[in-house]
Amino acid sequence: MAKKSVAKNYIFNLLYQLLTIVTPLITTPYVARVLGVENNGIYGYTWSIVTYFVLFGSLGTALYGQREIAYIQNDRKKQTNVFWEILSIKTIAYLIVIIAFYLMFCLNGDYSLFYKILVIELVANLIDISWFFQGNEEFDKTVIRNMIVKITGLVCVFLFVKNENDLWKYFLIYVLSDLLGNLSLWIYVPRYLEKSNKKKLHLKKHVKPIILLFLPQISVQIYAVLDKTMLGQLTKSMSEVAYYDQAQKIIKALLLVVSAMSTVMCSRVANSYAKNKINDVKKYLKQSVSMVWLIATPLVFGVFAVASEIVPIYFGNGYDAVIPLMCATSLILIGIGLNNVTGIQYLIQAGKQNIFTLSVTVGAVINVILNLVLIKLFGTIGAVYSSIISEFVILAIQLFYTKEVITIKDIIYSSIKYLVSGIVMFIVVILLGKILTPGLISLCIKIIIGALIYCSSLLVMKDKFTIDIINQILQTLKLKKKEV
């Protein structure tokens with residue numbers, strides 16, 4: 001099997017990531033208005049529940065399956081056996097999970113109808129074999145399928161979800177999109193696999209490595225969805241879940257921008273570490289830290305400055321409670337951005353996955369404990385405080401184990417010029433708010449002027465990293481002109 005183009009795979013994944021950002025940004029304002037606060041809360045809460053069952057049904061088969069298939073790309077017979085062995089383990093796990101989910105949530109209760117629809121989501125994940133194609137570096141098939149599914153789902157939302165009574169349609173659109181998208185991949189399977197004797201499959205050898213890859217995913221995934229579940233349980237208010245979920249959607253979209261650098265730098269750090277070029281590793285990590293501060297700082301100060309205008313324009317009436325949640329949640333842009341540098345870019349690439357797992361697990365435990373206390377004391381904002389504290393605890397643990405390549409002093413020193421520029425930008429935008437009439441045009445003016453002030457401030461302070469980026473951009477443009 002011929003090696004696939006890295007550039008081609010990168011472009012396909014880049015397009016999908018952009019679509020992942022844009023899709024919720026398009027549907028959220030519409031759904032927020034049409035379905036209302038309570039229904040959005042129900043949607044966020046019930047999906048957080050089913051996410052746990054998806055996690056335990058999938059085990060570590062996605063990561064493990066992709067890796068194992070990649071090892072034997074050119075051996076059709078071995079791929080056939082490995083494919084059916086891993087799928088058999090996944091099927092057994094999902095059958096147990098589906099039965100448990102149905103008995104626990106679908107027989108009665110206020111949301112039993114929605115949980116019954118979400119059973120389809122569990123089936124959709126059972127038949128998901130995207131890991132097989134990713135292992136074969138056939139990214140175009142999975143990405144094109146995902147893009148078609150997302151665009152189709154987006155169109156259906158606008159066509160069929162018209163009022164508060166259409167919440168069940170909203171659920172159904174997304175689970176059927178996933179189901180049909182995953183089914184479509186099975187069309188290609190006969191091209192890659194031979195006939196297999198199911199009686200000669202060896203499942204046992206895969207169980208231990210699958211479980212080992214599953215353990216860190218438990219901490220990461222549960223940590224990612226636990227807040228909404230605990231909010232629903234502790235506040236008994238789906239409106240509070242909705243406010244929290246909407247604030248998270250905006251910040252998570254911004255987080256993709258902050259975290260984009262990690263994907264680019266991972267291979268460089270891994271390669272330098274493998275060659276024992278520790279000085280290069282330090283250089284790349286410091287560049288990444290500077291990039292996090294460069295991008296996250298204006299986003300955080302910007303959210304604080306314009307959240308009161310963004311929320312009513314974007315979500316409509318009845319979502320004022322999202323404003324303080326969005327402001328506080330924006331702080332995780334810095335925490336997660338820096339965690340990506342110390343954790344994903346260094347610890348994982350340096351083969352120190354156990355430390356990464358430890359830090360995330362501790363963060364998850366602290367998040368649970370703080371949620372129990374802070375949600376009861378402060379309500380929804382307490383969940384935000386828990387997330388912020390947990391992220392910086394994870395960062396502190398990771399920094400303890402990465403001090404040979406990057407220190408707290410490095411991170412603090414890197415932040416000074418960006419924080420000063422962010423404060424200057426914040427003051428200017430707030431002053432503009434006193435002059436301009438609130439509205440969409442005012443918001444756009446503030447964003448544009450704020451960005452110009454931030455960049456100008458960094459240039460006045462002669463920030464070397466910013467100047468280097470500008471020079472690289474100008475150099476690239478010059479080379480393209482010459483080519484033309």
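In helix α2 (residues 61–71), the buried positions are Thr 61, Tyr 64, Gly 65, Glu 68 and Ile 69. Viewed down the axis of α2, these buried residues fall within an arc of 125°, so they line one face of the helix. The arc is taken from the directions that run from the helix axis to the C-beta atoms. Buried means under 20% relative accessible area, exposed means over 50%, and partly exposed lies in between (1.4 Å probe, protein chains only). Helices (H or I, at least four residues) and strands (E, at least two) are DSSP runs, numbered from the N terminus.

The model is predicted: local features need pLDDT of at least 70, side-chain atom pairs count only at pLDDT 80 or more, and totals for chains, interfaces and linings use all residues. Residues are numbered from 1 along each chain as its sequence is written, and side-chain values use heavy atoms, with hydrogens and water left out.

The protein contains 17 helices and 0 strands. Of its 484 residues, 51% are buried. Among contacts with a separation of 6 or more, 82% join residues 24 or more positions apart. Contact means heavy atoms within 4.5 Å.

Helices α15 (residues 408–435) and α16 (residues 440–460) form a packed pair whose axes come within 8 Å and cross at roughly 150°. Axes are lines fitted to C-alpha atoms, for helices over the stretch in contact, and angles run from 0 to 180 degrees between N-to-C directions. The crossing of α15 past α16 is right-handed. A crossing is right-handed if the near helix is turned clockwise from the far one by less than a right angle, and left-handed if anticlockwise. On the α15 side, the contact includes Lys 417, Tyr 418, Val 424 and Leu 432. On the α16 side, Lys 446, Ile 449, Ile 453 and Leu 458 are among the residues met. The contact residues divide into 10 nonpolar, 5 polar and 2 charged. Ala, Val, Leu, Ile, Met, Phe, Trp, Tyr, Cys and Pro count as nonpolar; Asp, Glu, Lys and Arg count as charged; the others, Gly among them, count as polar.

Val 175 lies in helix α7 (residues 167–184) and is buried, at 0% relative accessible area. Beyond its neighbours within four places in sequence, Val 175 contacts Trp 47, Ile 117, Leu 118, Ile 120 and Glu 121. Its C-alpha atom is 9.4 Å from that of Gly 153, 22 residues apart along the chain. Thr 329 belongs to helix α11 (residues 322–329) and is buried, at 2%. Outside four places in sequence, Thr 329 contacts Gln 248, Ile 251 and Val 384.

Positive phi values occur at two lysines. Lys 236, in the loop between α8 (204–235) and α9 (238–274), has a phi of about 55°. This residue is exposed, at 64% relative accessibility. Lys 462 sits in the loop between α16 and α17 (464–483). Its phi is near 55°, and Lys 462 is exposed at 63%.

The disulfide count is 0, with a disulfide taken as a pair of cysteine sulfur atoms within 2.5 Å. Cys 327 is buried, at 10% relative accessible area, whereas Cys 444 is partly exposed, at 39%.
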